[in-house]
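I opened a new notebook page for this structure.

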Amino acid sequence: MILKSINYFSKLFLVEEIESVSESNIPLIILIKQWLLEELQRLGQFTNKTFNIKLFELDEKPVSLASLTKLIILAFVAYLIARLLREFIRRTILNRFGLDRGTLEAVAAVIGYLLTGFGFLIVLEISGINLSSLTVIAGVLGIGVGFGFQQLAANFISGITLLFEQPIKVGDLIQIDGLLGIVENISIRSTAIKLLNGTFVIIPNSDFIQNKIINLSYGKSKCPVEVTIELAYGNDTTLVTEAMLAAARQQKNIVSEPPPKVLFQTFSSNLKFKLVAWINNPLGLNSVISDLNFAIESEFEVRGIKIVSPYQQEVKIKNPQEVISNLQSSTSLPQELTSCFPVPANKPVSISKKLRKSLQGETLKDLLPKISYFQNCTKEQIRQLIEDGYRQFFPQNTIICHEGDPGNSFYVILSGMVEIFSEKLDKHITNRESGEFVGEMALLMGIPRSASIRTLEDTTLFVVDRDNLQKLLSNYPQLADQISVEIANRRESLESLSIFPEKIDSEQTVLNWVRKRLNSIFEI
């Protein structure tokens, strides 16, 4: 049809030109155009004949180059339509179901494949090809694919497997063959991985089926961050936990839920600890780990915690004074060497002990036992409380909580100063400084705040909220009983809060009432 149109317009063009030339009496031009017309006609006839040559028969119908070209064009159009429909369904329909990115892309890809296959079937029907007649050809081609396109077929089947089983999904942070990156796209043949430095790696799908993959995002929407540190024996494990958690909570990229966790892994030759935290953006993993290492080093230095060096060994002398005296009295040693061992007047104090003494009242390990409710806590309970709480900074003249607010947390003042006042009465009540605590009664008794709290200077607080305290009391019921005893001893405070029943008179009855109320509030 196209060739006939070309011949028609060529004849029409040349006839018009011949008429104009005849009027101008230019016979040479007429001859040239007649020759061109004849050549174009021959070319059209040759092309038409070539395109219509029967290549083979399919279901008793001749198949020519023209019919194959038409089939290819229609198939390409069907592919474009299927792709547009897939994008339309993904954006307008699938997005409404609230699916995560990986599931959304997998469903969209499967729908795209189905639409493309359905479009190709329609194209074959339009072209007049009976699908049953393709059975023999498909079998022959299957043999060829099995031998010549073995790897391509394996990647295709692997791609389908990845989309349906979803061991990895788009958006997952994975590690394969030493490469760590984000899954950006899963196609029929290959998967695109975006490394943490921004570059892309294209990996055949069969590699994900045959090789071991570390999927750090499997079953989670957040990416874990892990830092492992070996410390020397003699370090306080609770102090180490506090320092590592303090470093984690300084990082803005680390999420608060799930909270950071410190694992005491092994004793072995050293003390081995692992910090596990979580971030929302896997691409920032390397940066967060670097910031964590700097922060942990700083926190260790402040607390006098010793990090193990692989090239350093510590030698402990059982009787150091006797060894020093023997060295100084020895005549066989040069004066320069014996002068290096002066006899101290008093027993020396190690640097770590000096630092630890200077930090009394500042570290959570030392502050929390000073609170009357936790003064009988074991070391494990204090460590658990430190893990479940978090630090929060408040600038000067900031309202921490208002009078009448729900009592859902209490605060330990790590640094700075706060004022407790009544907003309703516009009355100053008292000030609290570093090392003191506020807001505990409202949390423990489940009542609104009886006063407001405002910072008088830049202040850092350690916050223990209701959920974390509930988890601690559930794990340690005896601690709940100790707190009940402490609250029962404060009968005057309970009466001032207008929650104390008037009929209760004996101390045992008061204690039983406090226990029931505490158990009810924290569902122990």
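Entry 1, a helix pair. I looked up helix α8 (residues 237-249) and helix α9 (residues 285-303), which pack at an angle of about 140° with their axes 8 Å apart. Axes here are lines fitted to C-alpha atoms, for helices over the stretch in contact, and angles run from 0 to 180 degrees between N-to-C directions. The angle makes α8 oblique to α9; under 35 degrees counts as roughly parallel, over 145 as roughly antiparallel, 65 to 115 as roughly perpendicular and the rest as oblique. I noted a right-handed crossing of α8 past α9, where right-handed means that the near helix is turned clockwise from the far one by less than a right angle, and left-handed anticlockwise.

I then listed the contact (heavy atoms within 4.5 Å). From α8 it takes Leu239, Val240, Glu242, Ala243, Met244, Ala246, Ala247 and Ala248, and from α9 Leu292, Ala295, Ile296, Glu299, Phe300 and Arg303. By class, I found 11 nonpolar, no polar and three charged residues in the contact of α8 with α9. Ala, Val, Leu, Ile, Met, Phe, Trp, Tyr, Cys and Pro count as nonpolar, Asp, Glu, Lys and Arg as charged, and the others, Gly among them, as polar.

The model is predicted: local features need pLDDT of at least 70, side-chain atom pairs count only at pLDDT 80 or more, and totals for chains, interfaces and linings use all residues. Residues are numbered from 1 along each chain as its sequence is written, and side-chain values use heavy atoms, with hydrogens and water left out.

I used DSSP runs numbered from the N terminus, with helices (H or I) of at least four residues and strands (E) of at least two; two strands pair if DSSP finds at least two bridges between them. Strand β13 (residues 409-415) pairs with β16 over two antiparallel bridges, and Val412 has Phe437 of β16 as its bridge partner.

An open sheet of five strands has the order β6-β5-β4-β3-β7, again antiparallel. Strand β5 (residues 190-195) is joined to β6 by five bridges, and Ala192 stands opposite Ile202 in β6.

I counted 19 helices and 18 strands in the protein chain.
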